[in-house]
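Here are my notes for your first look at this chain. Please keep the sequence and the 3D view open as you read.

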Amino acid sequence: MIFEVEDIPEGGLNFDILADKGQFGIDQPDCSLTAGIKVKGKLSRIGEDVTFSGDLHAPLQGVCTRCLKQFPFDVKSKVQVHFIPRAKEASPGSEIEITESDIDKEVYEEGRIDVTGPIRDQILLEVPLRNLCQEGCKGICPDCGIDLNLSQCNCQNEGNIDPRLAVLKNFKDRLK
């Protein structure tokens, strides 16, 4: 999703796009895009600085961290990015010092703004660390591997404690 800085009028440029999922590179076994990403936003220009603010909606396919089943979920988020032109004196690959205020900024070159990276980053930041197919997911039995959401297993090891952790159980009993 590339925009020419010269094409952004004084009042800003509003857009509503359904971006192809392939350009974002979110295609991992545990998290992948299932369709295009809806992006509605505005580009505003003040001199050479450009601000992008907007909303995104991304349909994803994830894997439950408890039962390992795939399930669909959506990410809806706001995006705000400040673009600045690359400094003329800095050559590509040279080291420059950044300040805390520079962390929220993206750099553009050749008069083109690419919002693909910031949108991808925002989607990945919104993906939860623990994906659950449902709030009360019971997961799988650690011994037989049966999905405890579908049926109950007959394993007798529920009361057994790993001998290496038996000391902790004794300690817990003494605290009562």
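1. Start with one term. Buried means under 20% relative accessible area, exposed means over 50%, and partly exposed lies in between (1.4 Å probe, protein chains only). At 40% relative accessibility, Ile-161 therefore counts as partly exposed.

2. Know your source. This is a predicted model, where local features need pLDDT of at least 70, side-chain atom pairs count only at pLDDT 80 or more, and totals for chains, interfaces and linings use all residues. Residues are numbered from 1 along each chain as its sequence is written, and side-chain values use heavy atoms, without hydrogens and water.

3. Now the overall layout. The chain has two helices and nine strands. Along the sequence, the pattern reads β-β-β-β-β-β-β-β-β-α-α. Helices (H or I, at least four residues) and strands (E, at least two) are DSSP runs, numbered from the N terminus.

4. Next, burial across the chain. Of its 176 residues, 28% count as buried.

5. Back to Ile-161. This residue sits in the loop between α1 (116–126) and α2 (166–175).

6. Which residue of helix α1 deserves a look? Pick Gln-122, which lies in that helix. Gln-122 counts as buried because its relative accessibility is 19%. Its side chain makes a polar contact with the side chain of Glu-126 (3.0 Å). A polar contact is a pair of N or O atoms within 3.5 Å; within protein, one must be able to donate a hydrogen and the other to accept it, and residues adjacent in sequence count only if both atoms are side-chain atoms.

7. What else does Gln-122 touch, leaving aside neighbours within four places in sequence? Gln-122 is then in contact (heavy atoms within 4.5 Å) with Leu-56, Ser-77, Lys-78 and Val-79.
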